[in-house]
Amino acid sequence: MNHSLNSRQIYLWRIAIYFIFALPGFALASWVSRTPTIRDALGATTGQMGWIIFGLAVGSIIGLLIASHLIAHKGARFVIVVGLIVSSVGLVIVGIGGSWLTNSTIVFLGLAVFGFGNGIWDVAMNVEGTAVERAAQKSLLTGFHAAFSVGTLLGAMAGSAAIKFDMSVPVHLGVVMALIMMSGIYLCRLLPAGTGKETRNHTSEPPMSARERMAVWKERRTVLIGIIVLGMAFAEGSANDWLPLVMVDGYKATPAMGSFAFGLFVGAMTVGRAAGGILLDRFGRVIVLRASALFAIIGILIVILGPSYGVATVGIVLWGLGAAFGFPVGLSAAGDDPRGVAARVGAVSTAGYLAFLVGPPLLGIIGESVGLLRALIVVLVAVTVAGFLSQAAKPIGKENN
């Protein structure tokens with residue numbers, strides 16, 4: 001299907017995917033930027049807020065688990081459109097429930113709807129990303145994930161502006177909904193129809209059955225790639241949730257210094273992903289994954305053992321550069337075989353999101369006993385395992401890379 005596209009169509013497809021990756025980052029940051037306002041309006045404690053936010057995790061996991069079946073029947077473009085509409089509606093429900101109605105149950109349900117939309121959208125856009133990689137014959141997925149990071153940054157900036165100008169939460173999130181729906185639906189017009197759709201093709205292979213799609217969870221290569229992504233996503237997610245506190249508790253830094261350290265991490269990761277395509281095309285997946293794991297290991301060790309805040313910031317930059325590659329490179333590897341691509345990308349995405357959702361709370365529990373700095377040893381072990389398994393991401397049918 002995609003082999004018939006000319007170079008201009010592939011170029012437009014590629015550009016559209018950059019923006020489609022940026023949109024969910026923008027949406028997620030928009031919600032996060034208003035959490036203090038919503039918490040205060042609801043009068044929720046930290047524990048209650050934790051349960052409310054759990055709605056996002058529930059919706060996301062359900063979306064991730066069923067996404068491959070939706071894509072197999074309808075194609076990735078259709079699922080992206082549905083996902084961006086559903087997640088946008090969820091955002092507005094969150095805004096109304098958290099500000100006008102001040103009802104925590106409605107906010108929970110809104111976050112579940114938002115998470116579900118994001119979950120199916122996430123798998124579908126990664127399926128499109130792996131497909132355009134094959135069509136363009138370039139490593140692009142790390143760059144697409146860098147676009148997600150840029151979208152997150154822009155969403156956080158827009159959220160700060162909305163707060164500064166005293167924009168109400170429903171109005172702010174309503175504007176975000178309109179922006180995402182209009183731009184997303186327009187961008188989807190540039191995508192080819194049917195990417196990831198399981199149909200009988202020119203090789204006369206029958207489409208995957210639902211049972212076969214579930215069976216990819218038992219494939220040795222898919223499982224190993226999932227473990228790589230699990231370890232590297234744990235390194236990313238633990239920094240996202242705990243790094244400012246690690247610096248404050250472990251190095252007696254001020255909250256502002258802790259935030260600065262986290263900014264260094266995000267910046268290093270974004271730069272790594274932006275340069276990732278060039279590195280992958282030159283050195284191949286396996287070498288890049290091994291090097292990134294080594295960077296993350298050295299960086300985390302410096303943070304754990306560093307004698308001062310200044311030295312630890314060097315470790316944070318290395319940690320960010322190292323954490324940049326695992327998730328997108330693992331998804332790219334999962335998409336090597338066009339048959340069953342949605343199922344494998346969905347399985348690997350689920351592994352990554354489990355690390356994001358379960359890993360940081362686990363780190364908090366361990367940190368309660370031994371301190372956050374020592375708790376990072378668990379992250380160190382996970383990244384080391386990912387590094388040792390890097391060979392599993394070797395492109396199918398190639399001896400090198």
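## Packing of α11 against α15

In this predicted model, helix α11 (residues 285-305) and helix α15 (residues 372-388) meet along a contact to which α11 contributes Arg-290, Ala-293, Ala-296, Ile-297, Ile-300, Leu-301, Val-303 and Ile-304. The residues of α15 in this contact are Leu-373, Leu-376, Ile-377, Val-379, Leu-380, Val-383, Thr-384 and Gly-387. By class, the contact of α11 with α15 comprises 13 nonpolar, 2 polar and 1 charged residues.

The axes of α11 and α15 come within 9 Å and cross at roughly 165°. An angle over 145 degrees counts as roughly antiparallel, and α11 and α15 are therefore roughly antiparallel to each other. The crossing in which α11 passes α15 is left-handed.

## Packing of α9 against α12

The axes of α9 and helix α12 (residues 309-323) come within 10 Å, with a crossing angle of roughly 170°. That angle makes α9 roughly antiparallel to α12. The class count for the contact of α9 with α12 is 11 nonpolar, 2 polar and 1 charged residues.

## The largest nonpolar core

In soluble globular proteins, nonpolar side chains tend to be buried together. Here, the largest nonpolar core has 103 residues. The residues with the most contacts inside this core are Ile-20, Ile-80, Met-247, Trp-319, Leu-376 and Val-383. Helix α9 supplies the largest share of the core, 13 residues.

## Packing of α6 against α13

Two packed helices are described by the angle between their axes and the distance between the axes. For helix α6 (residues 141-164) and helix α13 (residues 326-334), the angle is about 135° and the axes are 8 Å apart. The crossing of α6 with α13 is right-handed.

In α6, the residues that meet α13 are Leu-141, Thr-142 and His-145. Their partners in α13 are Pro-328, Val-329, Leu-331 and Ser-332. The residues of this contact divide into 4 nonpolar, 3 polar and no charged.

Most residues other than glycine have a negative phi, and most peptide bonds are trans. Gln-137 has a phi near 55°, a positive value in a residue other than glycine. Gln-137 lies in the loop between α5 (104-136) and α6. With a relative accessible area of 72%, Gln-137 is exposed.

Asp-166 is not a glycine either, yet has a positive phi of about 60°. Asp-166 lies in the loop between α6 and α7 (169-188). Its relative accessibility is 71%, so Asp-166 counts as exposed.

## Individual helix positions

Leaving aside neighbours within four places in sequence, Val-223 is in contact with Trp-217 and Lys-218. Val-223 and Ala-392 are 169 residues apart along the chain, and their C-alpha atoms are separated by 9.2 Å.

Ala-161 is found in helix α6 and is partly exposed, with a relative accessible area of 31%. The C-alpha atoms of Ala-161 and Gly-346, 185 residues apart along the chain, lie 35 Å from one another. Ala-274 is located in helix α10 (residues 255-283) and counts as exposed at 56% relative accessibility. Ala-274 and Phe-114 are 160 residues apart in sequence and 27 Å apart in space, C-alpha to C-alpha.

Notes:
Residues are numbered from 1 along each chain as its sequence is written. This is a predicted model: local features need pLDDT of at least 70, side-chain atom pairs count only at pLDDT 80 or more; totals for chains, interfaces and linings use all residues. Side-chain values use heavy atoms; hydrogens and water are left out. Contact means heavy atoms within 4.5 Å. A nonpolar core is a set of buried Ala, Val, Leu, Ile, Met, Phe, Trp, Tyr and Cys residues joined through side-chain atoms within 4.5 Å. Buried means under 20% relative accessible area, exposed over 50%, partly exposed in between (1.4 Å probe, protein chains only). Helices (H or I, at least four residues) and strands (E, at least two) are DSSP runs, numbered from the N terminus. Axes are lines fitted to C-alpha atoms, for helices over the stretch in contact, and angles run from 0 to 180 degrees between N-to-C directions. A crossing is left-handed if the near helix is turned anticlockwise from the far one by less than a right angle, and right-handed if clockwise. Ala, Val, Leu, Ile, Met, Phe, Trp, Tyr, Cys and Pro count as nonpolar, Asp, Glu, Lys and Arg as charged, and the others, Gly among them, as polar. Angles under 35 degrees count as roughly parallel, over 145 as roughly antiparallel, 65 to 115 as roughly perpendicular and the rest as oblique.
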